[in-house]
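Open the model in your viewer and keep the selection tool ready. We will go stop by stop.

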Amino acid sequence: MITKFQDELLCFCNQVDQETFRHAVWTNPAVNFFDLCARFSVGTKCTACLLNAEAFYLDAYRSKPLGPIIASTGQTRKGLSLRRRFWNLLDLWAPRIPIGLGDRAPVLAARHVRTKLTIANSVAAAIGPQSSRFLVILRRYLADGTLYKKETFRLGAGERLDVTVSDGLIEEVPSDLLVVGSCEIRRKGLDDLYRGTTRPHFTVETDVAASTVHTQGSEGKFIAGMLTANDNEAERQFAVMMNCTDKPADITVQVMSLDQLDQRVVERTTVAGRGTALVYIPFPSRGKTTGLYAVEFITTRRVKTYYGVSTEDGHRISMDHL
Amino acid sequence: METFKYLFPLVSIAPPLGYRLNQVINANALVARTRGASARMEVNRAVILSGEEIITDNQIAVFENGRCLTPEVLAYRVDGADEFDWSRGDFVPYVETHISMLDDGEFTDPFFPAFYTIYSGVGRKTFFSDNVLKFGDTVAILQIRSFQSWVAGYPASAVDATHDIGESAIVINPFLRPALATLEFERREARPRFRVPPRSARRIDFVRCLGVDRVPWAGQVFVTSPTRLLVFFAKHSLKDPNNITTVEHPDLYRGEPTFEPATQRMRKILGRKLKILRGRLRFRHRQRASTL
């Protein structure tokens, strides 16, 4: 039963166990719940355990034993190291400069497929307008790495940017075949405030479905892996691989069945500098083909990979970052 | 070095009707988080619905000299059943995964290695979902430190009846007291509130909050509560919520600052250059060692 851990630990962040908290309740009857939590470092970091702490607080009151209880000394917090205190003091006097953020989004386009990029600088009622204004620069690239559009925007608090970044990816009459590209996003806060909700998200839209996922940093990796299932042979699984460097990258895709270790397929391709490759996952075609698979992408340059799954007709597509 | 007897538990959505959940934890990544190369770990999983553990799985994973002797313990599979049907009612099951050390073993890092939970099924499009931390979410910690509030959300949500596009928030309260979640939709006045009982997950269909006559709608949605809850956002067919396109973790209102001290930037740049230099030296050392 999961309750084993609920019997032992209360605050996972600060490693405060339930027995310590129960004892704290019994030996500090005049202290209210919130002060007790603060004193014993319960729920002071991620706050997720506060509902559990409340339950234990009430339960501890009801089950308080008769007779004397030895007072608990409670927990003491670890202090900062000398080095950390030195850096903090130095940082306090240093001038503050804006942090530049870079992301990369895959762009998919076809007759029935569009990709929209969203950057929302939303205001939450519970928090109020605490986010910075942002300067946003978008650079759109074709699959061969050609930069075909650059745009600059300013985003104030409460504003949002929705751009159909797949426009311009297909010049002639679009077909049902998927075409890919990428969009590089650079953001810089204009005020010394907070990031808020401004992480870019891209949505792959069709006529019957939409799927959204956040972007990630534009640095890329040399090796990326994924575990997947091939239980629906009518669907298509693919990777969209964006070369984050200016030089061409060689890509090796290795697919291995977890149920039958001798079933392994390897495919190779290349992607131009700043270009994007669309790789359909080559599942083995002999023997039992359903089940779990490990897919590995090995590249000679830093590449950012997103993993996609679509229905056979291509009308329902999901994407996930690796 | 701080050590731990546990990993922060993970929470995932249970597989809706027609799907199978596959969860495979990377054995090598677990060993990398273990003090010493041999250990015994207790792996507990439970599917929880409205306060009850309806399926439980408790096993011991054994590692010896860096090798997992019981890989089948790290792989978990559960099929969606009738009570997992998303069209049956508001309350849906969720899955908790716990790993703790037995004997004298210790973890050097309390976080699970990152992995996707896989949802697949015959006639169903496969989708992947991140798992969310039950405790210790560092983004939530920074948010609460900066704003003293917990606010989760998604910036690009949409409901469109014409195109059969639906969306739901799965709000999970894995804790022992009831919680209240408030939803906020961009450009809409109403802020519906939902009670989520202890150890329950509630599927909040956006079309019910917005009104079927007031869609299409697209924009930012926020979920707030006095204490942290766990949330997933699912995009699915409006007519059949069990036909899922994708499930995503929320995007918290981030408390990361947009400016930093110049001295901190200098340390980051220096740190990056040293890391690259160390990597090159290690690579050259390995090359030399392999030619001797």
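Leaving aside its neighbours within four places in sequence, which residues is A:Ile281 in contact with? Before selecting them, know that this is a predicted model, where local features need pLDDT of at least 70, side-chain atom pairs count only at pLDDT 80 or more, and totals for chains, interfaces and linings use all residues. Residues are numbered from 1 along each chain as its sequence is written, chains are lettered from A and ligands numbered from 1 in the order in which they are written, and side-chain values use heavy atoms, with hydrogens and water left out.

**Stop 1: A:Ile281**

Select A:Ile281 with A:Gln237, A:Phe238, A:Ala239, A:Val255, A:Val295, A:Phe297 and A:Tyr307. Contact means heavy atoms within 4.5 Å. A:Ile281 lies in the loop between β18 (276–280) and β19 (292–310) of chain A. Helices (H or I, at least four residues) and strands (E, at least two) are DSSP runs, numbered from the N terminus. A:Ile281 has 8% relative accessibility, so it counts as buried. Buried means under 20% relative accessible area, exposed over 50%, and partly exposed in between (1.4 Å probe, protein chains only).

**Stop 2: aromatic rings**

A pair of aromatic rings is described by the distance of the centres and the angle of the planes. Rings of Phe, Tyr and Trp (its six-membered ring) pair if their centres lie within 6.5 Å; planes under 30 degrees apart count as stacked, over 60 as edge-to-face and the rest as tilted. Over all chains, the structure has 23 aromatic pairs. Select A:Phe12 and B:Phe8, a tilted pair with 6.3 Å centre to centre and 50 degrees between the planes. This pair crosses between chains: A:Phe12 is in the loop between β1 (9–11) and β2 (16–17) of chain A, and B:Phe8 is in the segment before β1 (10–13) of chain B. A:Phe12 is buried, at 4% relative accessible area. B:Phe8 is buried too, with a relative accessible area of 4%.

Next, pick B:Phe135 and B:Phe175. Their ring centres are 5.7 Å apart and their planes stand at 45 degrees, so this pair is tilted. The two are 40 residues apart and link distant parts of the chain. Both B:Phe135 and B:Phe175 are buried. Now show the cluster that ring pairs make of A:Phe12, B:Phe4, B:Tyr6, B:Phe8, B:Phe111, B:Phe135 and B:Phe175.

**Stop 3: a sheet in chain B**

Switch to cartoon view. Five strands of chain B form an open antiparallel sheet in the order β7-β16-β13-β18-β19. Two strands pair if DSSP finds at least two bridges between them. Which strands stand at the edges? They are β7 (91–92) and β19 (244–248) of chain B; each has a single partner strand, so one side of each lacks a neighbour in the sheet. Four bridges join β18 (residues 230–237) of chain B to β19(B). Select B:His236 and its bridge partner in β19(B), B:Ile244.

**Stop 4: where the chains meet**

Colour by chain. In contact here are 89 residues of chain B and 89 residues of chain A. How many salt bridges are there between chain B and chain A? The count is four (a side-chain nitrogen of Lys or Arg within 4 Å of a carboxyl oxygen of Asp or Glu). Finish on the salt bridge of A:Glu54 with B:Arg177, where the closest N and O atoms are 3.0 Å apart.
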